[in-house]
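Shall we start with the metal?

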Amino acid sequence: MEEAAAAARLGTILRHLCPPTGAAALTTFPTSAQTASGKHPMEFHYTLDNNLLTPEQRHFYDENGYLLVKNLVSGEDIERFRNEFAKICKKEVQVPGLIIMRDVAIAKSEFVPDQKAVTKIQDFQEDEELFRYCTLPQILKYVECFTGPNIMAMHTMLINKPPDSGKKSSRHPMHQDLHYFPFRPADLIVCSWTAMEQIDRSNGCLVVLPGTHKGSLKQHDYPDWEGGVNKMYHGVRDYNKNRPRVHLVMEKGDTVFFHPLLIHGSGMNRTQGFRKAISCHYASADCHYIEVKGTSQENIEKEVVEIAQRKYGVNTPITLKDTWMIRGRLVKGERTNL
Ligand SMILES: CCCCCCCCCCCCCCCCCCCC(=O)SCCNC(=O)CCNC(=O)[C@H](O)C(C)(C)COP(=O)(O)OP(=O)(O)OC[C@H]1O[C@@H](n2cnc3c(N)ncnc32)[C@H](O)[C@@H]1OP(=O)(O)O
Ligand SMILES: Nc1ncnc2c1ncn2[C@@H]1O[C@H](COP(=O)(O)OP(=O)(O)OP(=O)(O)O)[C@@H](O)[C@H]1O
Ligand SMILES: O=C(O)CCC(=O)C(=O)O
Ligand SMILES: [Fe+2]
Ligand SMILES: [Mg+2]
């Protein structure tokens with residue numbers, strides 16, 4: 001059993017790292033599992049087998065590009081993350097490298113140290129309490145099904161979507177997270193996103209286009225929105241507006257795992273509350289960096305590098321890759337490449 005599982009894992013990792021072409025495709029290891037009836041072996045392309053995911057869950061992720069797991073993070077942990085977030089907003093805690101983002105609608109007004117002024121914090125990898133989220137064993141167990149055993153936490157966020165100011169700027173345009181990442185293969189990257197309270201259409205839940213993870217990385221630009229768009233909130237330039245959209249209604253502690261090519265966004269917050277979610281993007285440490293010059297990702301590299309240079313007073317040329325190498329942290333296994 002152990003050996004079969006290991007061979008299946010190796011098969012999938014090899015297939016991801018050296019995508020087969022032509023006849024070679026026939027010689028790679030299949031990763032298979034029995035269907036519920038036990039009769040037909042099923043092949044899966046987007047997950048590895050560690051005896052956690054059921055064949056039905058693996059099939060769902062293959063077809064849709066996301067997997068929602070109910071009640072994965074405890075109310076107690078969420079309370080602790082809320083408290084730490086409040087402390088950060090009040091400036092009672094200073095975290096190296098942390099980026100505090102305000103909604104574009106209030107970006108030019110005077111800063112008040114309160115969570116009502118903060119739309120999102122990013123890069124909390126140096127905050128022990130918040131980073132605990134990225135190391136929760138029940139989350140990592142799922143993550144390993146997508147990344148394999150060497151796991152890097154690449155990007156961390158706590159999103160505090162504010163009540164919309166009337167300008168609709170609380171929306172997040174439809175995008176693919178891979179646009180921001182200069183590492184591959186995409187199939188060994190996954191986001192975990194946990195609702196810190198009830199999240200539905202009224203406060204701006206995640207909206208996904210199931211199956212879009214099977215497509216390619218699309219050109220992203222700022223959407224043409226009258227009320228303004230938040231810095232770096234690029235959206236897919238053209239996508240099929242007739243594809244079915246799914247609104248992910250989630251309760252506190254529910255967690256969705258999704259593929260970095262899945263087209264998703266979030267609607268505006270029509271309530272008076274600040275809608276909270278915590279997330280981490282994980283990647284296999286066996287991924288490799290790519291050069292984004294000359295690709296559709298050149299525009300985001302330019303923006304990120306400008307911010308990094310300003311923030312850290314760096315004059316020497318740096319690349320998108322450098323900004324990720326510095327931020328990534330190993331959470332399990334060995335830091336091989338990233
Ligand atoms: C040496 C290497 C170090 C490595 C560090 C690298 C840091 C780079 C950060 C890059 C983040 C990469 C994103 C990864 C995404 C992963 C995938 C997930 C998909 C998404 O999340 S999409 C959304 C991504 N969005 C962001 O990441 C936004 C990040 N926000 C920020 O970086 C800051 O909040 C911002 C906008 C730079 C402002 O911060 P700060 O400079 O501290 O604020 P100031 O008040 O000084 O304002 C400066 C300037 O910016 C204007 N501003 C402020 N907020 C906004 C806003 N929300 N929208 C638009 N413009 C904004 C403000 O008005 C000021 O303008 P001036 O004209 O007055 O200069
Ligand atoms: N005109 C548009 N162009 C591009 N993307 C849009 C547009 N309108 C909404 N979106 C995107 O679609 C997603 C859902 O946003 P929307 O505000 O429509 O919320 P919703 O949850 O569909 O609620 P409702 O349909 O009730 O208004 C978000 O990612 C949003 O940015
Ligand atoms: O609105 C959200 O919480 C999700 C935003 C998102 O998709 C992202 O930051 O990449
Ligand atoms: Fe996203
Ligand atoms: Mg809508």
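The iron ion (ligand 4) has three kinds of protein donor atom around it: NE2 of His175, OD of Asp177 and NE2 of His264, lying 2.1 to 2.2 Å away. Donors here are N, O and S atoms within 2.8 Å of the metal (3.2 Å for Na, K and Ca), and sites may look incomplete since water is not among the atoms. Along the chain, the donors follow the spacing H-x1-D-x86-H. Aspartate 177 sits in the loop between β7 and β8 (183-184), while histidine 264 belongs to strand β15, so this pair ties together parts that are 87 residues apart in sequence. Strands are DSSP runs (E, at least two residues), numbered from the N terminus.

A word on the ground rules: this is a predicted model, in which local features need pLDDT of at least 70 and side-chain atom pairs count only at pLDDT 80 or more, while totals for chains, interfaces and linings use all residues. Residues are numbered from 1 along each chain as its sequence is written, chains are lettered from A and ligands numbered from 1 in the order in which they are written, and side-chain values use heavy atoms, with hydrogens and water left out.

The strands β7 and β15 pair in the antiparallel sense over 2 bridges, and histidine 175 has histidine 264 as its bridge partner in β15. Strands count as paired if DSSP finds at least two bridges between them. Both belong to an open sheet of 4 strands with the order β7-β15-β10-β13 and antiparallel pairing. At its edges stand β7 and β13 (246-248), each with a single partner strand, so one side of each has no neighbour in the sheet.

Ligand 3 is surrounded by residues that include Lys120, His175, Asp177, His264 and Ser266 (near means a heavy atom within 4 Å). At least two residues of this shell come from each of β6 (151-161), β7 (172-175) and β15 (264-266).

The table lists polar contacts, meaning pairs of N or O atoms within 3.5 Å.

| Residue | Ligand oxygen | Distance |
|---|---|---|
| Lysine 120, side chain | ligand 3 | 3.2 Å |
| Histidine 264, side chain | ligand 3 | 3.0 Å |
| Serine 266, side chain | ligand 3 | 2.7 Å |
| Arginine 201, side chain | ligand 2 | 2.9 Å |
| Arginine 245, side chain | ligand 2 | 2.7 Å |
| Serine 266, backbone | ligand 2 | 3.1 Å |

The protein covers 70% of the 600 Å² of accessible area that ligand 2 has on its own (Shrake-Rupley method, 1.4 Å probe).

Methods:
Polar contact = N/O pair within 3.5 Å; in protein donor to acceptor, adjacent residues only side chain to side chain.
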